[in-house]
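Here are my notebook entries from an afternoon with this one. Have the viewer open beside you and follow along.

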Amino acid sequence: MKIKATYIGIGGYPWDREVSDKLLTKRETYTVTDVQMGKWRTEIKLEGFDKSFNAILFTFNNEEAFQKAAEASFIESYGY
């Protein structure tokens, strides 16, 4: 199942919201192509965009699938 993300634009850092607000439409749903979970933040790539976005600015249609993808990227990056 593809993970869909709806942009809500709430949370994160001010610069995250400023950049995202310029590129995305609030309440619009996008297809997630990649999830990268770091130690301090999780970023997602969206279909049709070269840039990564702070995941906190979105809700997800399948939270369980999103969490599994985030955990898998963290384990791949950090080994635990």
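Is Ile 3 buried or exposed? I looked it up first: Ile 3 is buried, since its relative accessible area is 10%, where buried means under 20%, exposed over 50% and partly exposed in between, with a 1.4 Å probe and protein chains only.

**Ground rules**

I note that this is a predicted model, in which local features need pLDDT of at least 70 and side-chain atom pairs count only at pLDDT 80 or more, while totals for chains, interfaces and linings use all residues. Residues are numbered from 1 along each chain as its sequence is written, and side-chain values use heavy atoms, with hydrogens and water left out.

I found Ile 3 in the segment before strand S1 (4-7). For elements I rely on DSSP runs numbered from the N terminus: helices are H or I with at least four residues, strands are E with at least two. Next I listed what Ile 3 touches, taking contact as heavy atoms within 4.5 Å. Not counting residues up to four places away in sequence, the partners of Ile 3 are Tyr 30, Thr 31, Val 32, Phe 60, Asn 61, Ala 65, Phe 66 and Ala 69. I also checked a distance: Ile 3 and Leu 57 are 54 residues apart along the chain, and their C-alpha atoms are separated by 15 Å.

**Entry: Ala 69**

I followed the list to Ala 69, which sits in helix H2 (residues 63-78). Ala 69 is partly exposed, at a relative accessible area of 25%. Leaving aside neighbours within four places in sequence, Ala 69 is in contact with Ile 3 and Val 35. From Ala 69 to Ser 52, 17 residues away along the chain, I read 15 Å between C-alpha atoms.

**Entry: the whole fold**

I stepped back and counted 2 helices and 5 strands in the protein. Their order from the N terminus is β-α-β-β-β-β-α. The radius of gyration, taken over C-alpha atoms, is 12 Å, which agrees with the value near 12 Å for a compact globule of 80 residues; the globule rule is 2.2 Å times the number of residues to the power 0.38. Along the principal axes, the C-alpha atoms fill a box of roughly 35 × 25 × 20 Å. Buried residues account for 30% of the 80. Among contacts between residues at least 6 apart in sequence, 57% join residues at least 24 apart.

**Entry: aromatic rings**

How many aromatic pairs does the protein have? I let rings of Phe, Tyr and Trp (its six-membered ring) pair if their centres lie within 6.5 Å, calling planes under 30 degrees apart stacked, over 60 edge-to-face and the rest tilted. By this rule I get 7 aromatic pairs. One of them is Phe 53 with Phe 58, edge-to-face at 6.3 Å centre to centre and 70 degrees between the planes. Both Phe 53 and Phe 58 are buried. Phe 60 and Phe 66 are stacked, because their ring centres are 3.8 Å apart and their planes are at 10 degrees. Phe 60 counts as buried at 12% relative accessibility, and Phe 66 does too at 6%. I also noted that Tyr 7, Tyr 30, Phe 49, Phe 53 and Phe 58 form one aromatic cluster.

**Entry: Ser 20**

I then moved to helix H1 (residues 14-23), where Ser 20 lies. Ser 20 is buried, at 2% relative accessibility. Leaving aside neighbours within four places in sequence, Ser 20 is in contact with Tyr 7, Phe 53 and Leu 57; Tyr 7 and Phe 53 belong to the aromatic cluster.

**Entry: Arg 27**

Where does Arg 27 lie? I placed Arg 27 in the loop between H1 and strand S2 (29-37). Arg 27 counts as exposed, at 70% relative accessibility. Its phi is near 70 degrees, a positive value in a residue other than glycine. Not counting residues up to four places away in sequence, Arg 27 touches Thr 6 and Tyr 7. Arg 27 and Glu 64 are 37 residues apart in sequence, and I read 20 Å between them, C-alpha to C-alpha.
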